[in-house]
Amino acid sequence: MSQDILPPRIRRWLFTTNHKEVGILYLVTALFFFVAAGLLALTMRTQLSVPDNHVLTETLYNQFVTVHGLLMIFWVLSPFAFGFANYIIPLQIGARDLAFPRLNAMSYWFYLFSGVAIIMSFIFGAPDLGWTLYSPQTAIQFSPSIGLNVGAAALILITVSITMSSVNFLVTMFKMRAPGMKLRHMPVFPWAILVTIFMMLYAFPSFLAAVLLLYVDRAFGTFYFSSIQGGALLWDNVFWFFGHPEVYIVLFPAIGLIADVIPTFTRRPLYGAKYVIGSMIAAAIISFIVWGHHMFVTGIGLTSTKLYTVTTIAVSLPFDVMVIAMIETLIKARIKLKAAALFALGAIALFVIGGITGVYLASVALDHALRGTYFVVAHFHYIMVGGSIMGLIAGLYYWFPKFTGRMYNETVAKIHFVVSFIGFNILYFPMFLLLDMPRRIQTYAPDTGWGSLNSLATLGGFIFGGAQVLLFLNLFLSQRKGLPSGPNPWDGWTLEWSLPSPPPAHDFDTIPTIAEDGTYHFGDSPGLPNGAGYPNGSKIGNGYSHSHLEGLSAWPIVVAFAAFIFFLGLTIGQPNNPTTPVTFQPFWPLIADGAILGVIALYGYSRERFSVHEETRTESWPFREVPNVKLGIWTFLGAEVIFFGVLIGAYFFVRTNSPTWPEIGSLFDIRNGFAMTLVLLTSSLTAIMALVSAKIGSRNGLISSLLATFGLGVAFLYIKSTEWVYLGTHGVFSVASGLPATSYFITTGTHGVHVFAGMLMTLYLLVNSLKGRYLKGDHQAIEHFGLYWHFVDIVWVFLFPLFYLI
Amino acid sequence: MNTTYLYLLVFAILVGSTDIEVNIVALYPSASTGVAMLFGTIALSYGVIVSILLGLAGMKALLIALFYQHLKYEPRSLSSWVLIGLVIASLLMSLVFIQLHVH
């Protein structure tokens, strides 16, 4: 695609794949959404400031509450942290970029367009039932607005973005560390991101499956969440399975960042750093077995309640270790109270309050009394805003000189901290005292006695919100007129401070090496001991370099835009007030445009000559012998396992809760299932024979094997579609005729989409193999395709007995 | 063994076990009291049959992963990576079902 028609400045930002620029894009976009979500919050606070207030209607208030929560959690907290991660982590581990730069850019554009979609949902009547999207409120009869469908599309898009990003960071951190940098040498911030990514890989596919089921319930009239057998309990399980780890997903990057900031400003290494990392890992694991504490009042049973009480209290222990380590680091230290340090300290203090009040909620008795009240609102805002946002602002001040090469105004920044800290506590502390005020109410009567505390909270809200104007003004003016910062204004210890500010496009002239004791070495220069600073930047050696206008690609933004309009087309064609249960009325022009553009863009993406500079010497334990792409594919398949696991889990859930289920063979012809299984197993054999042919250089073998794989894919989909049509036209059942139909059509349909995607890949490989590609040493693409295709086969190996034989 | 023969052998096992899966359905207790065998009539309980079917599916998946996806020949770090991921995922899924059962 010709990119030269655009001015270089625009080209650079639209088509960049450089990790630092993508990081800046993430940060700026996250801050934009931060402002948007903050304005929604201030309007809500205005509404609640006095009793019987009617600034906002009830519907609009509910929409503001919901979109505020969704924006902050999905579009602000994690992307804010991943802005830093994008920019800083390759620098801290001594890499020149992420493993897959174009995928990284695509992650960003998916994120941006998903954010556009969630804001666009206001046009169609935004989601209005809280960020938890509780069932059965999401059922079409209770929430007929298509804004919720658009919101679901936005959530699907951002989940795709996060999954791509997770795979990319994981491969980068495992495979591209500077020579000698063992995992134990990595600073705490990359460790925090690594642990976060693991949680993302397990949590977000679950959420993706949950939102998909929510969407099909609304669009096709299926019954996952609108039936008694599935309903609220099914949603609670799949949502909170994701939702509680999500708390730590948004928190850990801030903790890791604080763990980098505090040692820099105290001039002492982090006390018990390895225990801090170990605690993060422990908390991450436990975080997946605490979700039931959000369901104490749903009647999950005494045994489950006890289990979740214990695990919830247990998950607080690793956080105790982290906080104690930071306090120990501070004891008797001569801390330089710069703005970054102040925000880090403030974040720790507020997080402790949020954490302790969270332990209260682990108690079943207290949870029964406090859940759904403003006490909970105060608790999670002390974690999310106090711990996470304050920590991330510390990062903004800490790395601003590195990003821009200029210093911000320290006095204004300190005023920003003081006003923010005071405003925050005036805003949220009164909510702890509003023990009896329900969340999400639009207004309240004067005789409730809640007025004064609400007025105080609103005052605090405006102080806190106003303080952020100082942040933006300070950073905006400083990046233009601030004093030059030099490479290392804080005498930082980690590798990013060894580079000029801002670093060159290629980061390192010479990749550093890390000695066994953790000291860094550049070329032949003597090692620089930790804490001595890096006076010269990386101007040592004359190695690799490139400019900001190299490595551009237009395809990531085009692919993301195609997905955006495709999903928009899926959602906006439906009527706002449906009269029939089945309401799927897509806006076909947008769907067609999105699909066509998507296929073209993906083809262009795969054909583009884009070389990724790979270092010959990297520290890549434990995956030294595994190529980057293969590790990425296996990691992606891991996410797919969770995705299908949740779909199958939902099937089990509704089936075991149903008093009756159709007899085996009464709905589906076992012979069809058997035939499809044989077809797919055979296609796996032909796929592996394609690899064998490629390896031995047999062009004819390769082409015929790929052709057979494609043909068998067609055969599978043909049998499947025949079965679907038969079931539909013979009145056996349609997608909306009950839970057996719902679970069958959606689970096998999702699998069918995967088969279709695999067939497109086969077609692409076939076209290239006709041109003589993939033979002998060039067979990796065939192998990678096979990994995916065999996975799709494995999924069917389970679906066949589950749906046809039991 | 020649890799092509190995792949064909795996394929034969996969097809054979699918055939067993399909035929085992006849052993359901509701299916006219089971199947007449050499030493009498066999009728397995529903739970046993479901366990056998899921066990066979697990075995087939393992064969595909080991031989077609080459996990058997990959470095131990990668196979452990996949195995650990699957174990954690299975444990987490099991928790949902245990909770459901308790409920």
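How far apart do the C-alpha centres of domain 1 of chain A and domain 2 of chain A lie? They lie 52 Å apart. Domain 1 of chain A covers 341-350 + 368-482 and domain 2 covers 660-805, with bounds from an automatic or database domain assignment.

Some reading notes come next. This is a predicted model, in which local features need pLDDT of at least 70, side-chain atom pairs count only at pLDDT 80 or more, and totals for chains, interfaces and linings use all residues. Residues are numbered from 1 along each chain as its sequence is written, while chains are lettered from A and ligands numbered from 1 in the order in which they are written.

Now to the meeting of the chains. Chain A brings 42 residues to the contact and chain B brings 38 residues, where contact means C-beta atoms, placed from the backbone, within 7 Å. On the side of chain A that touches chain B, these elements give two or more residues; helices are DSSP runs (H or I, at least four residues), numbered from the N terminus.

| Helix of chain A | Residues |
|---|---|
| H9 | 302-330 |
| H17 | 628-657 |
| H18 | 670-696 |
| H21 | 780-805 |

H18(A) supplies the largest share of that side, ten residues.

H17(A) also packs against H6(A) (residues 188-220), at an angle of about 45 degrees and with axes 8 Å apart. Axes are lines fitted to C-alpha atoms over the stretch in contact, and angles run from 0 to 180 degrees between N-to-C directions.

Methods:
Two residues are in contact if their C-beta atoms, placed from the backbone, lie within 7 Å.
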